[in-house]
Amino acid sequence: MGMGIRTVAAKVTNPGATFTAATATAGDSLTVENYTPGSQAFLAEIIREGATAGAVRVLSPNTHDNTRGITFNTDLAVTRMLMAAGKGEPVVRSDQLTVELTGGTNESDLALLTFFYQDAPGYQQTLKQWADISGVIDHIKPITVTVPSGGAADTWLDTNISATEGASGTSGLLKADRWYAVLGFTTDTQTGGIGITGTDTSNRRIAGPGTDFTEDTAWYFKQQADYHGLPWIPLFNSGNAGNTSVSVIGNAVDTGANIQLVCALLAPTFTP
């Protein structure tokens, strides 16, 4: 058991103006994980993507009320940070959350929820705060990952980080057997959410909003670490590059995108 962050997605088709229950996307769940009693666990972020104005709602008997719960209205195609910086909504282990969405009558609408668990089964993520790494950064390295077109709507598409710039060692651009910190990301094509998954994230997705407003995303994980005062910056070892992917999800069929993970190469002496 250990610390971890996880982003899950839920979708609904043609909800219109009526709040409509969303279903978790393939491989995700809206059930709060069975974390260690007494440890910290909270819903840190909510993101909504739709083609038109709408709203996103998260509720359960354990939220403030089970009628409107946490409801945000938005006119943005992709929202950014809806939850208050540094203060999440406490969650109860094994609670089944209800996610509801409104939007257009001819579109798919998407919600992303990000949870933090201080101690939960299956988590051994390599996460750091800014102070842990700021003094051992050798280089800033944006790693480009070209995500192909054709991925299904409301479905996570994982593309290996070595697909575009190459693997570590003599055959690629990454330094062999070195640690990289993912400070944030950018995209040239807006989508619902962008994140990372792999060996060093315990194969859970850690994601943020897929907006093309780079001021909100280029340092997203560093900002979240600052906001929450918790380890939020995911690290990966270049030796695990073959098992590390960029994750993208959107409310429409993927048209392709160039995603850049804004990474920091850490000193050769650094160990997590």
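How do the residues of the lining of the largest pocket divide into nonpolar, polar and charged? Point 4 returns to this.

1. This is a predicted model, in which local features need pLDDT of at least 70 and side-chain atom pairs count only at pLDDT 80 or more, while totals for chains, interfaces and linings use all residues. Residues are numbered from 1 along each chain as its sequence is written, and side-chain values use heavy atoms, with hydrogens and water left out.

2. The protein chain has four helices and 18 strands (DSSP runs numbered from the N terminus: helices are H or I with at least four residues, strands E with at least two). Its radius of gyration, taken over C-alpha atoms, is 18 Å, close to the 19 Å that the globule rule gives for 272 residues, so the chain is as compact as a globular protein of that length. The rule is 2.2 Å times the number of residues to the power 0.38.

3. Five strands form an open sheet with antiparallel pairing, in the order β10-β16-β13-β18-β11 (two strands pair if DSSP finds at least two bridges between them). Its edge strands, each pairing on one side only, are β10 (127-128) and β11 (137-147). Helix α4 (residues 220-228) packs on this sheet and touches β10, β13 (179-187) and β16 (233-237), contact meaning heavy atoms within 4.5 Å. The direction of α4 makes about 110 degrees with that of β13 (axes are lines fitted to C-alpha atoms, for helices over the stretch in contact, and angles run from 0 to 180 degrees between N-to-C directions).

4. The largest pocket has a volume of about 170 Å³. Of its 14 lining residues, T189, Q190, T191, D254 and T255 are the closest to its centre. The lining divides into five nonpolar, seven polar and two charged residues (Ala, Val, Leu, Ile, Met, Phe, Trp, Tyr, Cys and Pro count as nonpolar, Asp, Glu, Lys and Arg as charged, and the others, Gly among them, as polar). On a 1 Å grid over the protein atoms alone, a pocket is an open set of points with protein on both sides within 12 Å along at least five of seven lines, a cavity is a set where a 1.4 Å probe fits but cannot get out, and lining residues have an atom within 4 Å of a point. Grid points are joined across faces, edges and corners, and a volume is the space filled by probe spheres set on the points.

5. The whole structure holds two cavities of 30 Å³ or more.
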